[in-house]
Structures are given as C-alpha cells and as structure tokens.
Amino acid sequence: MSDRKPRRFFWFEGVTRAEVERSLNDTRPSVLRRQAPRRQLVAATALMTAALALSIFIPQVKVQSYAEIALLAGVLITFFMLRKSVRLVSDAPDELLDERQIAIRNAAYTVAYRALCTISLPYMALVLLIQPDGALFAHAISGTWSSVLLSYVMCCASLPAMVLAWRLPDEPAPLAD
C-alpha cells in the first residue's frame, strides 16, 4: 500500500499547503503581529462591512454603486490582511497545524459562530425593513440586495479571522542571530 500524496490545495479552506507553511514559518517582523494594529483592522473590517450593507440607503444610484464597489474592495483587502495577521490559522486545515493552534482556531470558530447568530439578527431586520411593505422601503434603492448580501457573506467569511485577530496577544519579537 502506498501513502497518499499530501494535498497541495485545500479547496474548502481556500488555502494552499505552501501558503500556510510559509506564513507559519515567517520570522520577519510585521506590524500585523501586534495586538493593537490587529484590533484596529478588526474594527475597520466591521465598520466597512456595516457600511456596505447600509449603502443601499444612498439615494443616487451612481454614487451608491461606486460606494458599494469601494466598500467591497476595502472589505476584501482587510479580509486578506486579517488572514495574514493570524498567519492563516483561522483557515488552515488540521493537518497543517499543531494541537495548540487547532485548539485556538476551534475556540475562535466557536466564538465566531455565536457572534454570527447574534449578527444575523440585524441583517434579518434590515431585510424585513427594506421589503416592499417594510418601513424603510421608500428610503432604500429598490432592487439593490447585492450590498446586503455581499456584506453578510463577507461578515461570515471574516468572523473567524476577526475573532482570532482580536484574541491573540502580541507575537514575541524574533531573536537576533
């Protein structure tokens, strides 16, 4: 019997083996490995995600579409920065992490899942309010569900990395050789 070849790409997690190993073994100093900048990144991501959902209330269609594109680009950039700041631990499969990292990642997923349950309530309320018979229907641009949907999807994707980035302490500075 031959051993299975190790997987190079993990489709469900959206990472490659080389990418995770390179990130975990990186010893170069980075501002993203300190807690304060990571927390600022979490706050920026949360604000841009909320702004993306609320961009449906911008009355001019052209301005609304430009704002939606700019906010989506900002959310995507901060999403990838968040993943980098936690060394892809939030997205890495078990086989690429040690037991401590798996425990930290799983604890972050538990908190993220609970937060998602709570965060889903305002999204559902917003959707109900912008329905044709909703109280805010007259103020929302009709037919523009994309910003709310994109905001929710990015919130779901970002939450594990956001929780991990918020909870991790500063990484120690590398030792000089």
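Begin by selecting helix H3, which passes H5 in a left-handed crossing (the near helix is turned anticlockwise from the far one by less than a right angle). This is a predicted model, in which local features need pLDDT of at least 70 and side-chain atom pairs count only at pLDDT 80 or more, while totals for chains, interfaces and linings use all residues. Residues are numbered from 1 along each chain as its sequence is written, and side-chain values use heavy atoms, leaving out hydrogens and water.

With H3 at residues 61–85 and H5 at residues 146–167, the two axes come within 9 Å and cross at roughly 20 degrees, and the helices are therefore roughly parallel to each other (angles under 35 degrees).

Next, show the side chains where H3 and H5 meet, including Leu-72, Phe-79 and Leu-82 in H3 and Leu-150, Met-154 and Ala-161 in H5. By class, this contact has 11 nonpolar, 5 polar and 2 charged residues.

Now select Leu-82, which, leaving aside neighbours within four places in sequence, is in contact (heavy atoms within 4.5 Å) with Leu-41, Val-42, Thr-45, Ala-161, Met-162 and Ala-165. Leu-82 is also one of the residues with the most contacts inside the largest nonpolar core, which has 31 residues (buried nonpolar residues joined through side-chain atoms within 4.5 Å). H5 gives the most to this core, with 8 residues.

Finally, move to Leu-88 in the loop between H3 and H4, which is buried, with a relative accessible area of 7% (buried means under 20%). The C-alpha atoms of Leu-88 and Ala-161 are separated by 8.1 Å, although these residues stand 73 apart along the chain.

Terms used:
Axes fitted to C-alpha atoms, helices over the stretch in contact; angles between N-to-C directions. Helix = DSSP H or I, 4+ residues; strand = E, 2+ residues; numbered from the N terminus. Parallel < 35°, antiparallel > 145°, perpendicular 65-115°, else oblique. Nonpolar A, V, L, I, M, F, W, Y, C, P; charged D, E, K, R; others polar. Buried < 20%, exposed > 50% of the residue type's maximum accessible area, 1.4 Å probe, protein only.
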